[in-house]
Amino acid sequence: MAHRRAAQLFPTARQCVSRLWVPRLRNPPNATGQMGQTAGFLRPIDPSGRASRGLRTGTLSRAAKLLSLDELFAKRPLQERLKELQAEYAECLKADRAERTRVSLLAPLVQSIGELDTKQRQLAETETLLSDEDPALRELAELEHEGCQREIEHLRQKILDKLLPEEEADLSDLVLEVTAGVGGQEAMLFTHEVFDMYQGYAQHHGWSFDILEHMTSEIGGLRHASASVSGPQSYKRMKFEAGVHRVQRVPRTEKQGRMHTSTMTVAVLPQPTEISFTINSKDLRIETKRASGAGGQHVNTTDSAVRILHLPTGVVAECQQERSQIKNKEKAMKALRAKLYSRKLEEETSRRYNQRKVQIGTRGRSEKIRTYNFSKDRVTDHRLGTTAHDVRSFLLGEDLLDQMNSCLQEFSNQEALEELLGETQRDGL
């Protein structure tokens, strides 16, 4: 199949950055290629745990040169910071039980740092044998040298991964919302295609996809729809889909063959557990009404539709998909909880990042993130400057979409590392 062949040419997430891990610099390079000053120290781990088919990476917007792992680990500030973490770990081992939590957080990182030091010493020893007069010994030394280089690269990447705090919401399920934007019936038709794409994406990963709302248009499009998606890493792999998706094509409703541009928006809301995020029942106003639209005898005959209003915030969630009022209430509560939890996370994020414009994007509803151009048969992600060819295969929600999201995650990790570098540099001033 076309999408299977395209996936083979799609680079992996690690290949997207070509082992380049340091984030964009704050100062862009000038015309002569000179780079601005890089950030210095890394913070300790946060204890709170806070035209071929395929992908072609173009110029990254607002991005400067990325440093390789070798270039990064040659920086003295990073080396000094790793030594500080080792010293802190040793001190924590001598302390009382109050420091045991810190010990458990630092132990994997310090272990990797120790393994890296050992491998670097082994590499230095093998280098002295590369010029030996004995050909057999030189050949063995070359093999050992290559093996050490591979392991050193793996350990360096592992250390950088451990330095990044994990986002709490990444372990959550999600509530997906799609809404037609500018473009009338064509926008609604495209919204239906994107919603189907995500349903296929969930099936591709073996996640459950439970439709909460599904408001269709007169010619088979979607005005608005929402679904609860549950499964391992579902939110982590879908969070970068939030924003404005634009389509450029000749609509089937167009009689003169003119190209149209339409939009739709996607919201991806992390779904908290009832234990991690509770809602006071006194803050809710629950209303029932008769379901509308297609659906059989229960439509307009029973009060099965449920509307829940959260009084302190004015946030509303509705559901009329099920015949049972109880099931509709459960689904509406799930959607409401996700909306309130997402709102809480956005407030915390805005306080933390209010001075920084991230390259990967805010994942907000108003941000244009991707264009689907049917006439040129390509999908362009504007955050990365990447283009995937074969729109129809991309809309299947399988390999091409999965690889695109892997690349987005990789660059998001780079930005998180940039933040750690920047914050530590500011702390040291």
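Me: Why is Lys 339 called partly exposed?
Reply: The relative accessible area of Lys 339 is 21%. Buried means under 20%, exposed over 50%, and partly exposed in between (1.4 Å probe, protein chains only). So Lys 339 falls in the middle class. This is a predicted model: local features need pLDDT of at least 70, side-chain atom pairs pLDDT 80 or more, while totals for chains, interfaces and linings use all residues. Residues are numbered from 1 along each chain as its sequence is written, and side-chain values use heavy atoms, without hydrogens or water.

Me: What makes Glu 177 and Lys 339 a salt bridge?
Reply: Their closest N and O atoms are 3.6 Å apart. The rule asks for a side-chain nitrogen of Lys or Arg within 4 Å of a carboxyl oxygen of Asp or Glu, so the pair passes. It links distant parts of the chain: Glu 177 is in strand β2 and Lys 339 in helix α9 (residues 325-353), 162 residues apart. Helices (H or I, at least four residues) and strands (E, at least two) are DSSP runs, numbered from the N terminus.

Me: How do you know whether Glu 177 is buried or exposed?
Reply: Its relative accessibility is 5%, so Glu 177 counts as buried.

Me: What do Asp 170 and Lys 239 tie together?
Reply: Their side chains meet in a salt bridge, at 2.8 Å from N to O. Asp 170 lies in the loop between α6 and β2 (173-180), Lys 239 in the loop between α8 (234-238) and β5 (243-249), so the pair ties together parts 69 residues apart in sequence. Asp 170 is buried at 7%. Lys 239 is buried too, at 1%.

Me: How many salt bridges does the rule give?
Reply: The count comes to 17.

Me: What makes Leu 129, Leu 137, Leu 140 and Leu 143 a patch?
Reply: They form a nonpolar patch on the surface, with about 350 Å² of accessible area together (Shrake-Rupley method). Members of a patch need over 30% relative accessible area and no salt bridge; nonpolar side chains (Val, Leu, Ile, Met, Phe, Trp, Tyr) are joined within 5 Å, like charges within 9 Å. Leu 129 has 33%, so it clears the area cut-off. Helix α6 (residues 135-163) gives the most, with three residues.

Me: How do you know that the reach of helix α7 is close to the expected one?
Reply: Helix α7 (residues 184-205) has 22 residues. The expected span is 1.5 Å times one less than that number, which comes to 32 Å here. From first C-alpha to last, α7 reaches 32 Å.

Conventions:
Accessible areas come from the Shrake-Rupley method with a 1.4 Å probe; for residues, only the protein chains shown count as cover.
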